[in-house]
Amino acid sequence: MKLRLPLKASLFPLGRFRVEGESMCPTLRPGDRLLVNRAAYLLTRPRPGDIVVLRDPDERARVLVKRVTHLPAGGSNGGSCFVVGDNPDASRDSRRLGPVPRGLILGKVWLRY
Amino acid sequence: MKGVLSSSLRFLDRVSPPATAHAHCDIPCGIYDPKPAQIAADTVIRMVQLITDLGAPGSDAIAAKAHTSQVARYTLVKEEHAQICKKELLILWSDYFKPDHLSTFPDLHDTFWKAAKLCSRNKQNVDMQAAQELKAAVDRIAEMFWKTKQPA
């Protein structure tokens with residue numbers, strides 16, 4: 001039996017990630033390990049404040065970690081959400097990524113280990 | 001419990017490394033450089049020099065007009081670059097330098113404040129001394145900047 005899945009890892013709902021970069025400082029620091037729940041948004045929508053891992057809209061092979069700021073008003077059609085880094089020092093230069101299609105969100109950060 | 005979970009996950013990480021989640025800025029950030037301020041300060045010096053070298057206006061009307069126009073153009077560039085210099089300095093001051101840099105450079109705020117004031121003075125006047133002082137102040141800031149880039 002052959003299963004065709006977009007991501008073989010999505011068979012298992014938990015994923016491990018290592019943070020690189022400082023845009024989520026001081027919440028997450030470079031080198032922090034994250035346990036991510038890939039199944040978190042199967043039934044519920046991302047909520048403002050959630051920290052999520054997502055595919056970079058400009059470079060799908062790259063995975064980013066960001067915080068959900070808000071969902072666009074009336075975004076009931078599968079929708080999208082706005083994400084941004086936590087580091088205020090980077091804010092002068094950082095363009096908001098959003099809105100990011102929901103399909104690019106890989107999961108919710110559950111805990112740091 | 002947290003300890004057991006954490007060490008199990010860390011063990012897993014050693015067996016198979018975790019994926020990377022990039023927390024980089026959305027556009028390259030942290031690109032700060034004192035060079036634009038230094039170029040602007042050099043431009044101010046050059047414009048002061050050019051205005052000074054221009055000498056007296058010619059006697060006939062056409063030459064006088066040409067002279068006025070030339071002074072106006074040099075002055076415009078001088079003011080623009082004094083303003084660019086100020087803007088670039090403020091970016092370094094407010095965005096690049098962090099509170100902990102103050103322990104290395106206790107005179108950081110004073111240096112920036114005086115340099116910013118020198119930008120204004122160079123807008124108002126055609127004064128080679130003020131222009132040289134501005135360059136010295138910006139060079140001093142550049143020196144501080146590059147010192148922060150050296151490994152501790």
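Start by selecting B:Val71: neighbours within four places in sequence aside, B:Val71 is in contact with B:Ile51 and B:Leu54. Contact here requires the C-beta atoms of two residues, placed from the backbone, to lie within 7 Å. You are looking at a predicted model, where local features need pLDDT of at least 70 and side-chain atom pairs count only at pLDDT 80 or more, while totals for chains, interfaces and linings use all residues. Residues are numbered from 1 along each chain as its sequence is written, and chains are lettered from A and ligands numbered from 1 in the order in which they are written.

**Stop 1: B:Val71**

B:Val71 belongs to helix α3 of chain B. The cut-offs use C-beta atoms placed from the backbone: 20 or more others within 10 Å is buried, 12 or fewer is exposed, and in between is partly exposed.

**Stop 2**

Now show chain B as a cartoon. Count six helices and one strand. Their order along the sequence is α-β-α-α-α-α-α. These are DSSP runs, numbered from the N terminus: helices are H or I with at least four residues, strands are E with at least two. Of the 152 residues, 23% count as buried. Among contacts with a separation of 6 or more, 72% join residues 24 or more positions apart.

**Stop 3: helix α5**

Select residues 108-124 of chain B. This is α5(B), with 17 residues. From first C-alpha to last it reaches 25 Å, close to the 24 Å expected at 1.5 Å a residue. The expected span is 1.5 Å times one less than the number of residues. Colour B:Phe112, B:Ala115, B:Leu118, B:Cys119 and B:Asn122, which are buried. They cover an arc of only 120 degrees around the axis, which puts them on the same side of α5(B). The arc is that of the directions from the helix axis to the C-beta atoms. Turn to the face away from the buried side to find the exposed B:His109, B:Asp110 and B:Gln124. The cover over the buried residues includes α2 (35-53), α3 (61-96) and α6 (128-149) of chain B.

**Stop 4: helix α6**

Select α6(B) next. Which of its residues are buried? They are B:Ala130, B:Ala131, B:Leu134, B:Lys135, B:Ala137, B:Val138 and B:Ile141. The face turned away carries the exposed B:Gln129, B:Glu143, B:Trp146 and B:Lys147.

**Stop 5: α6 and its partners**

The axes of α2(B) and α6(B) come within 9 Å and cross at roughly 165 degrees. That makes α2(B) roughly antiparallel to α6(B). Axes are lines fitted to C-alpha atoms, for helices over the stretch in contact, and angles run from 0 to 180 degrees between N-to-C directions. Angles under 35 degrees count as roughly parallel, over 145 as roughly antiparallel, 65 to 115 as roughly perpendicular and the rest as oblique.
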